[in-house]
Amino acid sequence: MSTLHPPRLAPIFAATPSAPGTPVHSIQTMRRKSAGHGGPLTKILVANRGEIAIRVFRTAHELAMHTVAIYSYEDRMSAHRQKADEAYRVGAGLTPVAAYLSQDDIIRIALEHGNAEFARKVEQAGIAFVGPSPEVIDSLGDKTKARTLALKVGVPVVPGTPGPVDSWSDADSFIKEYGFPVIIKAAMGGGGRGMRVVREESEFKSSFERAVSEAKSAFGDGTVFIERFLERPRHIEVQLLGDSQGNIVHLFERDCSVQRRHQKVVEVAPATHLPEEVRQAILADAIKLAKNVHYRNAGTAEFLVDQQGRHYFIEINPRIQVEHTITEEITGLDIVAAQIQIAAGATLPQLGLTQDAITKRGFAIQCRVTTEDAAASFQPDTGKIEVYRSAGGNGVRLDASSGFAGAQITPHYDSLLVKVSVSGTTYEVARRKMLRALVEFRIRGVKTNIPFLFRLLTHDVFIGGKTWTTFIDDTPELFKLVQTQNRAQKLLAYLGDLAVNGSSIKGQSGEPGLKDEIVIPTFQNREDPNGPPLDTSLPCEFGWRNIIVEKGPEAFAKAVREYPGTLIMDTTWRDAHQSLLATRLRTIDIANIAKETSWALANAYSLECWGGATFDVAMRFLYEDPWERLRTIRRLVPNIPLQALVRGANGVGYTSYPDNAIYDFSKKAVENGLDIFRVFDSLNYIGIFLQMKLGIDAAKKAGGVVEAVVCYSGDVAGKNETKYTLEYYLDFVDQIVAEGIHVLGVKDMAGLLKPEAAKLLIGSIRAKYPDLPIHVHSHDTAGISTASMIAAAAAGADVVDLAIDSMSGLTSQPPMGAVTLALEQTGLGTGIRYADIQALNLYWTQVRMLYSCFEANVRASDSSVFAHEMPGGQYTNLMFQASQLGLGTQWTEVKKKYIEANELCGNIIKVTPSSKVVGDFAQWMTQNTLSKAEVLERADQLDFPSSVVEFFQGYLGQPVGGFPEPLRSKIIRNKPRIDGRPGAGLPPLDFKKIKAELRSKFGKHVTDADVTSYVMYPKVFEEYQGFLQKYGDLSVIPTRYFLGRPDVGEELHISIEKGKTLIIRLMAVGPVVEGRAQRDVWFEVNGEVRAVSVEDKNSAVETVSRERATSDPGSVGAPMSGVVVEVRVKEGQEIKKGDPLCSTTMADSRLQMESAVTAPVSGHIKRVVVQEGDSITQGDLTIEIVH
């Protein structure tokens, strides 16, 4: 800091003259008038940057002074440049740090740490230097000289070398005398730079060389000395003020023990639990040292206090410290103002700063909020601050630099963002106030250390006020961080992508068909039809689930069988939308009508809402947690049993799993709210390795209702049916019933069950098993299933599957309204009110319109299903897939090939995943224009779809009648045959190990249920987690905003949790940024303007990024972000494991931590990807080694 007033500089800093006779009302004249004086110093240049420069400007303005800032090219957008009255660039052509260290032009100098040479130049130029005299800086700025001074005046110091150490070998005698550990310190250092703690002799040489290198880089002087390292000491420093008359006072002490790598993190004033005699001894020694060197201006005397209460002098920092703010808070003094006034010639008595007049009050704490990621070894983060909302209120002080939205955080300077200082009457009051202040911060776009500060401030040791200098390093639990959710900004990132690129949800064609909010219908009051509507604010508590909960599955099955009418299962929440809307129905649209449904369908047997394709689609396309869907529905519908479709030994997956995976899945399903397992096998696999047996046993042991399923195919009443006959089905039912099931399901996946066949099959089963509940499922593809369900009920079925009218018909289930009215006239009523069905239908009509962008082009019934036997859910999906493959115009041909593919497979039961095999086979045949005969003839030469090959290998189990030969042998060739249950020989999974690995990869939010999701769908789960990390939980977004592009000016109301609503308005979409495929999208969030940068996927601009290291040991990644300072190898060079490859410097000028990148393996250098001066981020490829 220096004041500018010499005549030769006047032309540079002269004010712009105003017109003659014009009164000047500038900010400067108003300052002087309000200050009441002109002052001896009128202009001040601050030779520093960031928050400390702003701090000085503020006091200077209070003293009616004109301020001048200096800045490097990289700091041209920095806040400190804008806070000064004038600002000038320094260090043109120099590196970012060197620019502020340049002394070539004294007027445009910038120096972070004062030195004697600079002070002399300033004073020789006729400029007053605000700081100690050059002689004092010379005697104290070098730590070795300061140690000599302390010894001279009798102030204790830590045992150390008597002077600088030029070579590591010169320290031999000292180490022999005192042993390890020792600390190497830069003589000109500060802020932890050039410091290394060495505990073993083997580390000494390399540590010494790195300390010297860091010291040279940071200070231009590699001089170091060595001290005995004290274990767990406290770091206490004393704030000093001195004037030119020899007066010295202290402003009490600060505890700066909470450090990381010798860099202070949190400071407290005054020090807690410091014995009074120790305190007074430290204060007295600080005064003694300052008086001895005739100290002038502000400075800090620093001491260590060991476990026995002995104090040792370290150094005097001849400048104002970052943490001076807390001293100001407990004393009420402005230290910077005192500095300036002392430089102007004022004495301490004149300023009222005598020792007896200086008192302290309460406690103060300072936390340094930095853009560092504590979870990644405090690696500094860079980028643009997208959101900045700071704290405030009583007792909170903020000293910020780049703390504003839009600020660009670069790797060139230290990562300090804002200093937060709080004060309170007690230490505990101050601690709690700091926690409150940190909670108020919202900083998005870059990572900060705030989560770490939370952990630190709430740790028992910090609460007790008894920290030490290595407390952070000694306390690994501090790094068990609770990360902020950053929900709003992630949400904006998604909405911004939607605004620029449109929806990325696969299968969507066009915009949602409904842009208005869906209206929730009202229901007639049962007790007073003419009165107010039914109160559905709370869910209904009475229903069939009560029996399961209170009496168990057996009692439930018995009650179902005894019911005089026909019960229904509503498929709207699962199979209906799977068949009509490609399974794209989101949880929010189920939840919005769930409580009403609990009342309207209180007498329903169950709600099918889970399993089947909904499990993986939730993660894969809707970016939702399927377990959270189950939990949400359970919470909102406590009275109706919830049912899932489960693929036997395949759970909700499409492959084979170890047995313990299926038992684990079933247990978790019940724990999360599932009641009924509808267990099936895609091939009706019968035999000693019965696929269904595992699923049945797992569901039973989990405590669920077991509904085992007979998958229906063919035509049981047809004269020409030879395979799927009545005898076949009755035999299959016998084997299933023998497993001790609770309910029998008959699942007609394609809608093949005709009324007469329903009478024959259901009637025959009922005659054989009069006490067994029977549940019938069908699809309405041919338009016949309404009649079939009525026929099944008449033949003895206890439950039939229906869908709300607007979600029924075609490839879905029969309409609920029509079937329930028809059953009422047969004496087999469902107990569901027609008026309630119609009320629900009003809601689902709107939903169907909303999701019309997923509708398949199925306009009418299709009786050709009796020929191709395509399942209802597959019919619409296969039509879409065919269109995507360019086969849309050949849909009729695809259906013909489906028939042939089924025949080639042996006329199998077709339900996921076996139906997928036939579908893939059919599309492959269509694409390659192959007939059935050609496939049979050329099977040993063709490359079949993998799903077809795996089917013939036996991965799905054994089809009825076995595999057709010789086709099987020709297709699988030399691949293994699986003739038993595919998963029988798989080893059990270690769920704890999997959970630990997932938590390590994705974070501690991973639950046991997530582990099961990963087991079922590893890749899908990982992609889903990656999406969550980027966009957050999008399940809270109304569907019209989730799928549709927002309009400019449109206001979106999104509730992210109870009582928290984001009001978002799209303001503008910017142009493509030149040279990059990026657009800035501007939003207003709760009245605050925010921007997100979005990749324009339709832009022709190519995005270039650095190559990333792989998992190969020879692919050497950067250990941290920073700058490459040295490359030590060349391509083709032979190297050994451990050889140095290159060096990088951490992107943080406070630490300037040099890191050597060494070879992880022996070999020769294939590629050198980086060169000196390259900016890199952690994980970027640096060197590639052939090993």
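Q: Which residues touch the most other members of the largest nonpolar core?
A: This core has 150 residues, and Tyr494, Trp573, Trp610, Trp844 and Ile1064 touch the most other members. Helix α18 (residues 487-501) gives the largest share, eight residues. A nonpolar core is a set of buried Ala, Val, Leu, Ile, Met, Phe, Trp, Tyr and Cys residues joined through side-chain atoms within 4.5 Å. Another core, of 40 residues, lies apart from it, and Phe378, Tyr427, Leu478 and Leu481 are among its residues.

Q: How is the model to be read, and how are residues numbered?
A: The model is predicted, so local features need pLDDT of at least 70 and side-chain atom pairs count only at pLDDT 80 or more, whereas totals for chains, interfaces and linings use all residues. Residues are numbered from 1 along each chain as its sequence is written, and side-chain values use heavy atoms, with hydrogens and water left out.

Q: What does Trp610 touch?
A: Contact means heavy atoms within 4.5 Å. Residues up to four places away in sequence not being counted, Trp610 touches Arg574, Phe615, Pro626, Trp627, Leu630, Gln643, Ala644, Leu645, Phe665, Ala669 and Leu674.

Q: Why is α25 called oblique to α40?
A: The axes of helix α25 (residues 659-671) and helix α40 (residues 1008-1016) come within 10 Å and cross at roughly 135°. That angle makes α25 oblique to α40. Angles under 35 degrees count as roughly parallel, over 145 as roughly antiparallel, 65 to 115 as roughly perpendicular, and the rest as oblique. Axes are lines fitted to C-alpha atoms, for helices over the stretch in contact, and angles run from 0 to 180 degrees between N-to-C directions. Helices are DSSP runs (H or I, at least four residues), as are strands (E, at least two), numbered from the N terminus.

Q: Which residues of α25 and α40 meet?
A: Ala661, Ile662, Asp664, Phe665 and Lys668 in α25 meet Asp1008, Ala1009, Thr1012, Val1015 and Met1016 in α40. By class, this contact has six nonpolar, one polar and three charged residues. Ala, Val, Leu, Ile, Met, Phe, Trp, Tyr, Cys and Pro count as nonpolar, Asp, Glu, Lys and Arg as charged, and the others, Gly among them, as polar.

Q: What makes Asn317 buried?
A: Asn317 has a relative accessible area of 5%, and is therefore buried. Buried means under 20% relative accessible area, exposed over 50%, and partly exposed in between (1.4 Å probe, protein chains only). Asn317 is found in strand β13 (residues 311-317). Leaving out residues up to four places away in sequence, Asn317 touches Tyr295, Gly299, Thr300 and Glu302.

Q: Is Glu869 buried or exposed, and what is its phi?
A: Glu869 is buried, because its relative accessible area is 13%. Its phi is near 60°, a positive value in a residue other than glycine. Glu869 is found in the loop between α32 (865-868) and α33 (872-884).
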